[in-house]
Amino acid sequence: MGAAAMKRIPGHIAAVAIALVIIVLGFNGWLTVVSLKKNYVDSVAANYAVVGGDTRRMIEYAVRYGKPLEHFYGMNELLEKTQAFVKELDDVRVIRPDGNILYSLQEKNVNTVIPGKLKIQADSTMNAKGKSYTVVLEGEQYHIFMPIQDREGRFIGSLAMVFDSRVVDEGMSPFIHFTVKVMSGLGIAAALALFFFLRQIQL
């Protein structure tokens, strides 16, 4: 009985050890993908913010010289030019501090109010340090908010650029596939090495 139990112990240990190796590698793979996705979203948003920054400066320049944001002739043309530079954008908007959408390339959104979560994030861009924009994922869409200020530096609204999460998913797909392949290979190699090692040791 004792001898039989001794023969079974290595198999049990090997199974537990291999399972732990697979779990650890899987967790590390998940952390890698999450980190890559965050960096990818930041990279995409930074690129879009360069174009959005030019549009925001044009708006602020006009506002500081007396053009009212609420009655801004030519605003839609500005927003259309922004989208022309970034084809992936589904919408470009100008939003008041109270969350009301003043201008939008999607006419149905004009005079509607953005969700509370988005409004809080849009307001937070005024307090962000080191960044002139903030990115928020709401449902299946990312929103990039850039604050608009008047000549006194007061927050009078936000330029918002909206794009679908599929832009990120499609861009991330090659990285995810590569990570899965690498982690799978490492998992199989580690499991085999551990299995043969445990087979050799004497308990």
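1. Tyr61 and Tyr65 are both exposed (over 50% relative accessible area; buried is under 20%, partly exposed in between; 1.4 Å probe, protein chains only). Their ring centres lie 4.9 Å apart with the planes at 40°, so the pair is tilted. For pairing, rings of Phe, Tyr and Trp (its six-membered ring) need centres within 6.5 Å; planes under 30 degrees apart are stacked, over 60 edge-to-face, the rest tilted.

2. Keep in mind that this is a predicted model: local features need pLDDT of at least 70, side-chain atom pairs count only at pLDDT 80 or more, and totals for chains, interfaces and linings use all residues. Residues are numbered from 1 along each chain as its sequence is written, and side-chain values use heavy atoms, with hydrogens and water left out.

3. There are three aromatic pairs here. Tyr48 and Phe163 make an edge-to-face one, 5.1 Å centre to centre with 85° between the planes. Tyr48 is buried at 9% relative accessible area, and Phe163 is buried at 0%. Ring pairs also tie Tyr48, Tyr142 and Phe163 into a cluster.

4. On to charges: nine salt bridges turn up (a side-chain nitrogen of Lys or Arg within 4 Å of a carboxyl oxygen of Asp or Glu). Arg93 pairs with Asp91 this way, closest N and O atoms 2.6 Å apart. Arg93 counts as buried at 9% relative accessibility, and Asp91 is buried at 0%.

5. Arg96 and Glu70 meet in another salt bridge, 3.6 Å from N to O. Arg96 is partly exposed at 30% relative accessibility, as is Glu70 at 39%. A salt-bridge network links Glu70, Arg96 and Asp98.
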